[in-house]
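The following note sets out points for the attention of a colleague reviewing this entry. Each point may be checked against the coordinates.

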There are 2 protein chains.
Amino acid sequence: MDSGHQNVHRQSGVALWRQIADRIRMSIANGEYDATGKVPPEMLLAEQFGVNRHTVRSALQALAQEGIVRAVQGRGTLIERKERLNFPISRRTRFSQGIGEQAREKEGLLLDSARLSASAEIAGRLAIEIGAPVLRLETLRKADRRPVSRSTSWFPAERFAGLIEAYRDSGSITAAFQALGLQDYLRVSTEVTAIHADGADLADLQLSPGAILLVTKALNADSEGVPVQYAVSRFPADMVQFTIEN
Amino acid sequence: MDSGHQNVHRQSGVALWRQIADRIRMSIANGEYDATGKVPPEMLLAEQFGVNRHTVRSALQALAQEGIVRAVQGRGTLIERKERLNFPISRRTRFSQGIGEQAREKEGLLLDSARLSASAEIAGRLAIEIGAPVLRLETLRKADRRPVSRSTSWFPAERFAGLIEAYRDSGSITAAFQALGLQDYLRVSTEVTAIHADGADLADLQLSPGAILLVTKALNADSEGVPVQYAVSRFPADMVQFTIEN
DNA sequence: GTCCATTTGTTCGTATGTATC
DNA sequence: CGATACATACGAACAAATGGA
C-alpha cells in the first residue's frame with residue numbers, strides 16, 4: 001500500500017491538474033471541507049495525491065477560474081461556492097419549480113429559434129410524419145445568474161405556432177404552453193447519459209473544456225398522451241444532480 | 001464559419017485524442033455510421049476535427065483498446081460494438097431484470113464485504129441509529145463478460161445477517177433478499193450524478209483513466225417503507241444510459 | 001492477374017505542453 | 001525561475017493491404 005496516494009493517473013490523456021481539480025471539486029460538493037471552509041494546504045494536497053505542489057496549484061487555479069475557490073495569501077484557499085443544484089425528475093417535472101428554493105433568481109434565455117422539417121429521429125420522438133414542420137428552440141437557463149442548463153427543444157410547429165414569441169416573453173416553457181392554451185403537460189420519459197462538454201456548450205455554460213455534462217433526453221406529452229415537446233438538455237455535472245422519487 | 005471544424009479544445013487539460021475518442025464513441029452509439037459499419041477514414045476525421053491524422057489515430061487506438069472498433073489495413077476502421085445498455089429506473093428497478101434481453105450472460109461478483117458501524121450518512125439513509133451495525137458489500141456486475149457497474153451497498157446488519165453468503169451464492173441482491181425472507185422491495189429514490197473515474201473503479205471496470213462514470217445513489221425499502229439497502233453504483237457513461245419512465 | 005485509388009501502418013523530425021526537482 | 005524528462009501534437013513521406021476497374 002503506497003501510503004497516502006489517492007490514485008491520479010499519468011499518461012491517461014487527462015492532465016494531472018485536471019484530475020485533481022475534478023477530485024477537489026467533488027470533495028467540496030460532498031461537504032468534506034465544511035469544517036474549515038477551506039481546501040487543505042497545497043503541500044498537504046500534493047502529498048495526498050502524490051504530485052508536485054505546482055500541479056496542485058494548477059488545479060486550484062482552474063477552480064478559482066470557475067469561481068469555486070479563492071486563494072488568499074497567508075490564509076489558504078477559501079471555498080466560495082459549494083452548492084449542487086438538485087433536480088427532481090417525475091411525471092410533473094418542470095424546470096423552474098424543480099429549482100424551487102435552491103436559487104433566488106431564475107431566468108430562461110432564448111439563444112436561437114428555427115422552423116424546420118422533422119428529421120427521422122425527431123419525427124419518431126414526437127410521433128409525427130418525417131418532414132412535418134417543427135419548431136426548434138435553443139435555450140439557456142440560469143439560476144442566480146449562473147448558467148445551469150443548455151437545452152435544444154423541438155415542438156410540433158402547427159400546434160404551437162406562436163411559441164417562440166411566448167417563450168421569449170416569459171422565459172418559461174410552462175408559461176409559453178399556457179399562453180397557447182395548453183394548461184398541463186406530463187413527463188413521459190427521461191433518458192440520462194453523460195459526456196465530455198464540447199462545442200458551443202462550453203461557452204454557453206461557462207465551463208472549462210473537459211468538463212462533464214449530464215445529458216437528459218426528455219419527452220413531454222399533453223394529458224391525452226400526445227407528444228408536445230422533445231428536449232435534449234445539458235447540465236454541468238459538478239453543479240447538479242438528478243433525483244428520481246418513486 | 002470555420003467550415004468543417006468540429007470544436008475540439010486545446011490546452012484544456014484533456015488531450016485532443018481523448019476528446020476525439022469520446023466524440024467518435026458517441027457517434028457510434030448514436031448510430032451515425034450504421035450505413036457503412038465503419039468509422040470515416042482517418043484523413044477525413046482529421047480534417048473534420050481540425051487535427052493531424054496522428055491525433056485521430058491515437059483516438060482510434062484507444063477505442064480499439066476498448067474493443068469498440070477494429071482497424072484493418074486497406075479496408076478501414078470497422079465498428080465492433082455499438083450497443084449502449086439501457087437501465088430503466090422505476091419503483092421496481094432491479095439490475096438483472098433491467099438488463100433483460102440486452103445481454104445473454106449476467107454475473108454479480110462479490111469483491112469485498114465487511115460488518116461495520118453506521119456512519120452518520122449511512123445511518124441517515126437507512127433510518128437507523130448512528131453506530132448501529134451494518135453490512136457493506138462491494139460488488140461488480142457484468143453483462144456478457146464486460147463490467148457494467150461497480151456498487152457499494154449498505155444493509156442493516158441485524159435484519160440481514162446471512163446476506164453476504166446469500167449474495168455470494170446467487171450473485172443477485174434480489175435472490176439474496178428472498179433467501180432471507182424478504183420477498184419484495186421497492187426503489188424509494190435515485191440520485192444521479194457524473195464524475196471522472198478514479199481509483200479502484202478504473203481497474204474494476206476496465207476503463208482507461210479519464211473515463212466518465214454515471215453515479216447513482218439508490219435507496220430501496222420493503223413494502224412497509226422500511227429501508228433495506230442503500231447503494232452507490234458507478235456505471236461507465238459510454239456504455240449505459242438510464243431511462244426514467246413516468 | 002494488373003493497375004490504381006483508397007485506407008491503414010510506420011518512421012522520421014520538430015515544436016509545445018505537462019510535471020518534476 | 002531554470003533544467004530535465006516525457007507526453008502530446010503536427011508535418012511529411014513512404015510502406016502495406018484492400019477492393020474494384
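**Notes on the predicted model**

1. A salt bridge joins the side chains of A:Arg125 and A:Glu121, with an N to O distance of 3.6 Å. Over all chains, the structure holds 22 salt bridges.

2. How can chain A be laid on chain B? A turn of 180 degrees, with a shift of 0.2 Å along the axis, brings chain A onto chain B with an RMSD of 0.2 Å. The two copies are therefore related as by a two-fold rotation axis. The same surface serves both copies, since 98% of the contact residues of chain A recur in chain B. Among the residues of chain A, A:Val14 comes closest to the rotation axis, its C-alpha lying at 2.4 Å.

3. The extent of the interface deserves a separate remark. Chain A contributes 41 residues to the contact, and chain B contributes 41 residues. Between them, chain A and chain B bury about 3,500 Å², of which 60% is on carbon and sulfur atoms.

4. Which elements give two or more residues to the side of chain A that touches chain B? They are helix H1 (16-29), strand S8 (186-196), strand S9 (212-221) and strand S11 (240-245) of chain A. The largest share of that side, ten residues, comes from S8(A). By class, the side of chain A that touches chain B has 17 nonpolar, 14 polar and ten charged residues.

5. Across the interface of chain A and chain B, the rule finds zero salt bridges, although ten charged residues are present on the side of chain A that touches chain B. Five residue pairs, both members at pLDDT 80 or more, are found in polar contact across the interface of chain A and chain B.

Methods: Residues numbered from 1 in each chain as written. Chains lettered and ligands numbered in written order. Predicted model: local features only at pLDDT ≥ 70, side-chain atom pairs only at ≥ 80, totals over all residues. Heavy atoms only, no water. Least-squares fit on C-alpha atoms with pLDDT ≥ 70 in both. Contact = heavy atoms within 4.5 Å. Buried area = accessible area lost by both parts, 1.4 Å probe. Salt bridge = Lys/Arg side-chain N within 4 Å of Asp/Glu carboxyl O. Polar contact = N/O pair within 3.5 Å; in protein donor to acceptor, adjacent residues only side chain to side chain. Helix = DSSP H or I, 4+ residues; strand = E, 2+ residues; numbered from the N terminus. Nonpolar A, V, L, I, M, F, W, Y, C, P; charged D, E, K, R; others polar.
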